[in-house]
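Please find below a colleague's note on the model shown here.

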Amino acid sequence: MIDIKTAEKLILEHSQNSSKILEVNLEDALDFVLAEDVVSKIDMPPFRQSAMDGYALHIGDATNYNVIGEVKAGDNQNPVLKKGEAVRIFTGAPVPDNANAVVMQEKVELQGTGITTQMPLAELMNIRPQGEQIKIGTIALQKGTKVKGAHIGFLASLGVTKVSVYNKPSIAIVVTGNELKTPGDLLNYGEIYESNGAMLSAVLSELGYTKRSIVTVADDYKNTKNTLEEAIQNYDVVIVTGGVSVGDYDFVGKALKDINVKEVFYGVKQKPGKPLFFGKRDDVPVFGLPGNPAAALSCFYIYVYPLLKKSEGGVKTQLPNVFMPLLVSYTAKGNRAQFLKARIQEEGVEILGGQSSAMIRAFGDANALVFLPENSTEVNKGDKVKTILLPTK
Ligand code: AMP
Ligand code: MG
C-alpha cells in the first residue's frame, strides 16, 4: 500500500492533456480550458472614450468655454475645438482629438451657450485612454485558462467569436453489486438502492462533463470483465465503484488485470478509500473506487478530479486547500491519514458527524474535507487543520 502523496503524484504522472482540440463558438466555451493564447485584434477601448457625461475641452485654454456641439455614444464625428471651445459629451462617446479632459456636468456652470468650469481640472481626467484595458496584438487570455462568464464578456468585448479549447473527457461509470436495485423498484430483503451512479454522474455534471454513462453490473466475473472492456473501448476515463476489495465476490481487480489494465497502484494508506485502485490501458485511466458511497465520493474529489482537470487542459489540478482553525475538538480513530467531511463556517471549520464511509448524508452538508495526517490522535479546538475546499455550484 502506498501513501496519499505518492498516489496523488502517480495519478498526475499518468494524466495528460486531451490531444483533441476543438474550435468552439465563444458562447459555448464556458467551463472549457483554452488550448491557445487568445491575442487581441483590437485596442480596448478602440478610441479615447469619455468616462462621464459632461463636456470635452482643452484645459488651460480658458475657464469659460463656448459649447459648439455634442458627441454621444456611437457618434463618429471628431470635431476640432478652437481655443475656448468645448463639446457636450456623453459616457462612451469618442473624445475629440484635441480635447484633453472631460469635465463632469455636475462640475460646470451653464451660462447661455457656454460653460464655466469649477477648478481644479486635471489633464486627461475622465478620459479612458485608447487601449487602456488591452493593446492590439497582446495576450488577452492565456492558454490553460478555464473560461468563466467574465472571460466570455472580456473576449466578446474584443470581438472574439471563436476559441480553441481542449476536448473534455467522456466518462464511463460502472457500478458493481448484486445487492443494487434501481431507485423506483421494490427493495427485497438484502437489497439497497444503487446511488453511486447517480451521485457521480451528477457531480461530473456539476463540473461540466457532459459525456457520461452509468452501467450497473452484478458481482459476476464474466459480466464485470465484459462491461469493463466495453467501457474502456468507448470512453476516455472509466470509474468503477464497488467490487475492488478482497471479498470473494469482488471481481473488479481480477477482471481489470485480465483485460490488460496495467495497475499503477492498488491500495492507499487512508481513510476512507483504502482499497482504491488506479490503472491504465493505453491512454485510458481506470479508477476502482470503494463501493461505500462516501468513500467513493471522497476518492473522486481527491484522485479522480485532478486527473479530469489535467485531461481537460487545466493547470491547477487539485482542489484548493487552506489551513483553518478547528471549531470543535476531534478524536481521530485509527492511525491512517483521513479525509473528513467538514463545513467551513465564518470562524473556522467544523468536522461533521456521520463520518462512516457508508453514510453519504453528511456529504450533503459538507463544503470541505478536513485532512488529518496519519497518526493524528486528538486535534483540538483552535488547531489549524488542512481544509480542502469542495467545488461549489
Ligand atoms: P464493495 O466495495 O462492493 O464491497 O461495497 C461496499 C459497500 O458499499 C457495500 O455495503 C455495498 O452494498 C455498498 N455499495 C456498493 N456499491 C454501491 C452503489 N452503487 N450504491 C450504493 N451502495 C453501494
Ligand atoms: Mg460489492
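**Salt bridges, a helix pair and a buried helix**

1. Lysine 72 is partly exposed, at a relative accessible area of 42%; here buried means under 20% relative accessible area, exposed over 50%, and partly exposed in between (1.4 Å probe, protein chains only). Aspartate 75 has a relative accessibility of 18% and therefore counts as buried. The two side chains, of lysine 72 and aspartate 75, meet in a salt bridge at 3.5 Å, N to O; the term denotes a side-chain nitrogen of Lys or Arg within 4 Å of a carboxyl oxygen of Asp or Glu.

2. This is a predicted model, in which local features need pLDDT of at least 70 and side-chain atom pairs count only at pLDDT 80 or more, while totals for chains, interfaces and linings use all residues. Residues are numbered from 1 along each chain as its sequence is written, chains are lettered from A and ligands numbered from 1 in the order in which they are written, and side-chain values use heavy atoms, leaving out hydrogens and water.

3. The structure holds seven salt bridges. Among them, lysine 9 pairs with glutamate 13, with 3.7 Å between the closest N and O atoms. Both lysine 9 and glutamate 13 are exposed. They lie four residues apart in helix α1 (residues 4–13), and so are separated by about one helical turn; helices (H or I, at least four residues) and strands (E, at least two) are DSSP runs, numbered from the N terminus.

4. In helix α5 (residues 252–258), lysine 254 and aspartate 258 are likewise four residues apart, about one turn of the helix. Their salt bridge has its closest N and O atoms 3.0 Å apart. Lysine 254 is partly exposed at 48%, and aspartate 258 is partly exposed at 34%. Elsewhere, a network of salt bridges links Lys146, Lys309 and Glu312.

5. The axes of α1 and α6 come within 9 Å and cross at roughly 25°; axes are lines fitted to C-alpha atoms, for helices over the stretch in contact, and angles run from 0 to 180 degrees between N-to-C directions. Contact is made by Ile4, Ala7, Glu8, Ile11 and Leu12 of α1 and by Ile302, Tyr303, Pro306, Leu307 and Lys310 of α6, contact meaning heavy atoms within 4.5 Å.

6. Helix α3 (residues 196–206) has Asn196, Gly197, Met199, Leu200, Ser201, Val203 and Leu204 buried. Their cover includes β13 (171–176), β16 (212–217), β17 (237–241), β21 (284–289) and α6 (293–311). Just after α3, glycine 208 takes a positive phi of about 90°.
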